[in-house]
Amino acid sequence: MSRDDDHTATDLSHLRGGETARNHDARTIAALTANPGCARRGVMDAAAVDKDAVARHLGFGAPFGQSQFAITRGNAFEAQVKADGCAELLALLRDRLGLEIPEVAYDDLESVGTESREVRHTRTRHLMARALESGAGTMFDHPLLRLDIAGQRAYLEPDVIAFQLGGRFHVVEVKSFAVVDGQAEPEQVAAAARQSAVYVLALRELVAGLGHDPERVSHEVFLVCPENFSNRPTATPVDVRPQLAVVRRQLARLTRAEDIARDMPDGLTFALDEGLSDTVRAVEARYAPECMSSCEMALFCRDEARACGATGTLGRSVRDELGGVDSVVTALDLARGVREPSEDMAETAEQLRVAARLRREALASAPAPAPPVQEALPAPAGVPARGAGVLERTA
Amino acid sequence: MSTLTALAQLEAIASGRAEPVATVRHCHLSETPLVMIPLKLAGEAAAPLATMLGTDRNEPTLMVVPQPRNRDLRFGYAAELAKAVVEHVEAERGATETLEPSKDGEERVRYERAPQIIVPNRGGVGFLRLLGRSTRFRSVEGPWAVDPAVPMLGRWLTWFADRNDRPGSSLLLALTETLRLHWATGQSSLEDGNLAALMGWIDPPEGLDGPSAAARAEDPVLCPPAGPATDPTFDNEVLAPAIAAFDESGGEPRAEERIRAAVASQLVPTWDLAWRALDMLRALPEGASVPKRWERDRDSFTYFHREFAESPPQAKLDDAVRAARRLHDLERSQESYEAQRAFDDPLVMAEQRLAGQAFGGVVTETEPERLDESGKRPKLRPYVRIRTEDPVRLDEGATVVNAARPGLKGKVVEIDGQDVLLELTGGMGRKLTAEPGVVPEPGQRVVFTSRTADSWGASKFPEREDTPWTHGGPPAEYEPADEDATEVWS
């Protein structure tokens, strides 16, 4: 391990307060680009903090469990595709995509024993260098890649294959969601494309670092999924140029973790002790509902955002609609006309006031709803009356 | 998303309860809908695990595949489900009414009623669609024969799922979507996708308010997910051991009973919730255009039902003509659905007013007998001046109609600050004086909108046999293929 490699990593590792480091994978990096403005996530990821453990310690464990049925099926599918040196995968790429594929060499770079990530990365580099020189058909399974994230070096252990054909590398990603009649769930395809883009980026950095043209890593990746309702794999080429552009731009924009860390009060760490809550709160988060699907801290941040009445908890479209007014109380006051808007909020305030008037008018003119058929019970005593909600009670 | 809905959501946060975004119900509700709560096996595209269904809240039927990976058990389940769905379809048909013959003299009929299926969420619709896809091509003869009911189920489910794509159709409703059309909560659309959380805001259980009920709903132990995905912890700790025991026992009834009990525990809370959601929706007065849209649904049902015996299963992918026609239909339905909802519901009309496409206010002066005598014959063209506080964004010359009386048409003559001068152009009768009560009078509150239903008519498309070469020429006829009959369903 060279000194240079470890330089920044040690800088922030003290923030972990002695806890074990967690690594980035393409999922976390792709997720990072979904919310680049979140300082909390940036710092915790940069310091390789185990966010899941932190969230659980704070009482907001993320429900990211996976069903063993899904795991079993995913593993079985991957094993099938990769069996016998990826025989089935090769046949698929030949037939389905009409690729002229000569004999290829297959190397599994999966971790053997206790070797360090740096050793594995060196091995990946070494094999890639040879393949790039010779241009011969090669498949590398489980390459270990590296990517700079917010000034920090992250290792990626993609569950993908780097596949060289005609002097160009393609990323092959095996996923276990089904493609039915040529269509799959858009969210899952989008997530897979984002992850693949991260791999393409990391591979390109590696190739460039070896003195080759980074374009030798293709923007066309192959998604291998079960076809229809079977276990038979099908391969679909996906152009990830749009995702690449997004990932690249967001990574460049990422708030530099060191700068944020420098502003944190001295002595705070993410160690799992009584100071944890203070540390976490010391770094600002930018919660959006999308965080729920990608960040282990989401439940904690949502609770925090709700407690301070942030409009962001309602989703980006609502926040946009409110023209950047990020407090629920402010927005309601503007709508009721009890608060003078600042100049930049004048337009939003006017829109809100008109909306409030139209809403009042419409509700007043509406026919009274019939009482619900099944509601024989009287209103329970514990329920706050309408209009006497959370905000009023605390105000 | 509009500022009005955003505002309703803010109000919901303040009040701790869901706030209305509709004053009437914009969907048809059958008296006996078939409520279906499907569950699938995690990790599989469409491997059914169980479905709780029925038309009576007190008598749910539970259908379970004790070993979801077993082909025979799965097709047994599909046949059982098929019988229930087909039975519902036939029971909900009602009598056949004969309509006026069409312009070209063709006989036209319509069933008096139509079946309605209710699922908890969008995932439920997607699952029924995939279940339909995986069963409709099955062969009922030959070496891979399945129960004849199985492909029928596939075709019916495919039809229901397809109708769900049509804006304004009520044949297959996802409750979360339907509720969101009528109420706004203090949480994001992501959380609203959880039926229990959404209902927590709309109708919180005793002693709770919206936020606390929604928080409770996020605990999968207290409120199991509404499907089709199951709670992973339930899978790992309860379902997997029960299925393993079933396998080991060689399919013993007691082992199957254990699985049924486990699955029922996951389904019953959602079952109750679905019926409570229907109660909430039923309590709203029905929108004026709902019967008209339900008529379209009944037309579609009548056609599909009468052609059923003669038709092949729906294609995997639409051919060119079908795709073009479908897209056209979807766009038209979308437009008329949005327009109708606004006419039915002042709260929806408020969206148009906020956007400046409609305006409301008080009539300040009128010239009810004004005639336009510039042409050969004089025409009745009353002037109406309306004072409005709305942000009108209409051009002079824009055509508008009265929201309360869409037949009454007019044209914007001039907009001067808060005053809009309209020239009424139609819908006042055939004489040179307007029918009484049609021209609004000073002091009256009126709303006019520029958005009308059916502003563009149906387009003509070639018959399938006449598909032009630019679109690949006529598509091949459907031939049942062995490949379809044997398609692995694992």
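This is a predicted model: local features need pLDDT of at least 70, side-chain atom pairs count only at pLDDT 80 or more; totals for chains, interfaces and linings use all residues.
Chain A has a secondary structure of 15 helices and eight strands. Its length is 395 residues, of which 39% count as buried. If one takes the contacts in chain A between residues at least 6 apart in sequence, 65% of them join residues at least 24 apart.

Six strands of chain A form an open sheet. Their order across the sheet is β1-β2-β5-β6-β7-β8, and the pairing is mixed. At the edges lie β1, residues 105–108, and β8, residues 233–239, each of which pairs on one side only. On average, neighbouring strands of the sheet are turned by 20° against each other, direction ignored. A helix also packs on this sheet: α5 of chain A, which spans residues 68–97. Helix α5 touches β1, β2, β5, β6, β7 and β8 of chain A, and its direction makes about 65° with that of β8(A).

Within the sheet, the pairing of β2 with β5 can be followed in more detail. Strand β2 of chain A covers residues 138–141 and strand β5 of chain A covers residues 160–165; the two run antiparallel and are joined by four bridges. In this part of the sheet, A:Asp141 stands opposite A:Ile161 of β5(A).

Elsewhere in chain A, the loop between α9 (257–263) and α10 (276–282) contains A:Leu272. Is this residue buried, exposed or partly exposed? A:Leu272 counts as partly exposed because it has 17 C-beta neighbours inside 10 Å, whereas 20 or more would be needed for a buried residue. Leaving aside neighbours within four places in sequence, A:Leu272 is in contact with A:Glu19, A:Ala53 and A:His57. A:Arg16 is 256 residues from A:Leu272 in sequence, yet the C-alpha atoms of the two are 8.9 Å apart in space.

In chain B, the helices to look at are α2, residues 71–91, and α4, residues 149–164. Their axes come within 8 Å and cross at roughly 60°. The helices α2(B) and α4(B) are therefore oblique to each other, and their crossing is left-handed. On the α2(B) side, the residues that meet α4(B) are B:Phe75, B:Ala78, B:Ala79, B:Leu81, B:Ala82, B:Lys83, B:Val85, B:Val86 and B:Val89. On the α4(B) side they are B:Ala149, B:Val150, B:Met152, B:Leu153 and B:Trp156. By type, the residues of this contact comprise 13 nonpolar, no polar and one charged.

Key. Residues are numbered from 1 along each chain as its sequence is written. Chains are lettered from A and ligands numbered from 1 in the order in which they are written. Two strands pair if DSSP finds at least two bridges between them. Axes are lines fitted to C-alpha atoms, for helices over the stretch in contact, and angles run from 0 to 180 degrees between N-to-C directions. Two residues are in contact if their C-beta atoms, placed from the backbone, lie within 7 Å. Angles under 35 degrees count as roughly parallel, over 145 as roughly antiparallel, 65 to 115 as roughly perpendicular and the rest as oblique. A crossing is left-handed if the near helix is turned anticlockwise from the far one by less than a right angle, and right-handed if clockwise. Ala, Val, Leu, Ile, Met, Phe, Trp, Tyr, Cys and Pro count as nonpolar, Asp, Glu, Lys and Arg as charged, and the others, Gly among them, as polar. A residue is buried if 20 or more other C-beta atoms lie within 10 Å of its own, exposed if 12 or fewer, and partly exposed in between; C-beta atoms are placed from the backbone.
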